[in-house]
Amino acid sequence: MLEQAQYRILRRISPQEPRSLSGDVYKGRIKVKVLLGDALFDELREKVVIDLGCGEGDDAVALAKNGALRVMGIDIRESLLERARLKARRRGVEEICHFCTYTDEKADAIVSIDAFEHFSDPASILLTMASLLKPRGSLYASFGPIWYHPLGGHLFSVFPWAHLLFSEKALIRWRSDIRSDGATRFGEVEGGLNQMTIARFEKLVKRSPFVVDSLEAVPIRRLRLLHNRFTREFTTSIVRCKLTLAHPNPA
Ligand SMILES: C[S@@+](CC[C@H](N)C(=O)[O-])C[C@H]1O[C@@H](n2cnc3c(N)ncnc32)[C@H](O)[C@@H]1O
């Protein structure tokens, strides 16, 4: 009954795929630089870098164009990797920037942008990342929106925090009218959605081979006056961090 009523409300609010409420904030800008800071390119100069969860490869290509020795973009979706390869060719970095679904080659640094809220098993991804780092390598990650962010439901946030107000069943049923991939849970939607929170991420890191070098919960600009350690799950725009190995891998 309740699910049916919620589904009807969602249909009424958004009979078609909603326009992204977050807009195209990175248009004309290099996302990895905006999110992880200007110094990143200098830090990764002449380094072998993996971009894990690279999507269409813009950041991997940007890293290759800006001084990285070699970049490997990894993603589980071959269709995105195809587009990424094309971008690398167009930007003239195909010799040093490769895209594939898997690598066992070790890197000086791993970069991961907007992917930790999508990985179906983030704990095992942290283990994989640790195994892919050279001794004293670092992981630079930025991700969001996290689950309690107003738009943390991604497509399901038909209005701010809608994904927290409606049941998963109602939201999935509404989505199945506009996307036909057969997903029955948040975690099964295209790209995945694991309901990541800051607290959960911190717990995962604590249980992983990594230690936190730095971790910042960047406030949503308009909510920055309300942002503190009690409200951070709701008022954080992105989480960015640098993690290093607790016990450096053997050379
Ligand atoms: C929101 S996209 C971000 C893409 C890109 N980093 C960006 O910022 O534009 C998240 C990406 O993570 C990828 N992904 C999800 N699970 C993965 C996994 N286990 N291994 C590698 N990539 C994964 C998805 O296919 C998707 O391309």
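Helices here are DSSP runs of H or I with at least four residues, strands are runs of E with at least two, and both are numbered from the N terminus. Welcome to the tour of a predicted model, in which local features need pLDDT of at least 70, side-chain atom pairs count only at pLDDT 80 or more, and totals for chains, interfaces and linings use all residues. Residues are numbered from 1 along each chain as its sequence is written, and side-chain values use heavy atoms, with hydrogens and water left out.

**Stop one: helix 4**

Select residues 58-65, which make up helix 4. Six of the eight residues here are buried, meaning under 20% relative accessible area with a 1.4 Å probe and protein chains only (exposed is over 50%, partly exposed in between). To pick them out, colour D59, A60, V61, A62, L63 and A64. Then step on to G67, which follows helix 4 and has a positive phi, near 110 degrees.

**Stop two: the aromatic rings**

Next, show the rings of Phe, Tyr and Trp (the six-membered ring for Trp); two rings pair if their centres lie within 6.5 Å, and their planes count as stacked under 30 degrees apart, edge-to-face over 60 and tilted for the rest. The structure holds nine such pairs. Zoom in on one of them, F116 with F143: the centres are 5.9 Å apart and the planes make 55 degrees, a tilted arrangement. What does this pair tie together? F116 sits in the loop between strand 4 (107-113) and helix 6 (122-131), while F143 belongs to strand 5 (residues 133-143), so the pair joins parts that are 27 residues apart in sequence. F116 has 1% relative accessibility and therefore counts as buried; F143, at 0%, counts as buried too.

**Stop three: the whole chain**

Zoom out and switch to a cartoon view. The chain has 10 helices and seven strands, and its C-alpha atoms fill a box of roughly 60 × 40 × 30 Å along the principal axes. Of the 251 residues, 45% count as buried. Counting contacts (heavy atoms within 4.5 Å), residues 24 or more positions apart account for 67% of those with a separation of 6 or more.

Finish with the charges: Lys and Arg count as positive, Asp and Glu as negative, with His and the chain ends not counted. Each charge is placed at NZ of Lys, CZ of Arg, CG of Asp or CD of Glu. The mean positions of the 38 positive and 31 negative charges lie 5 Å apart.
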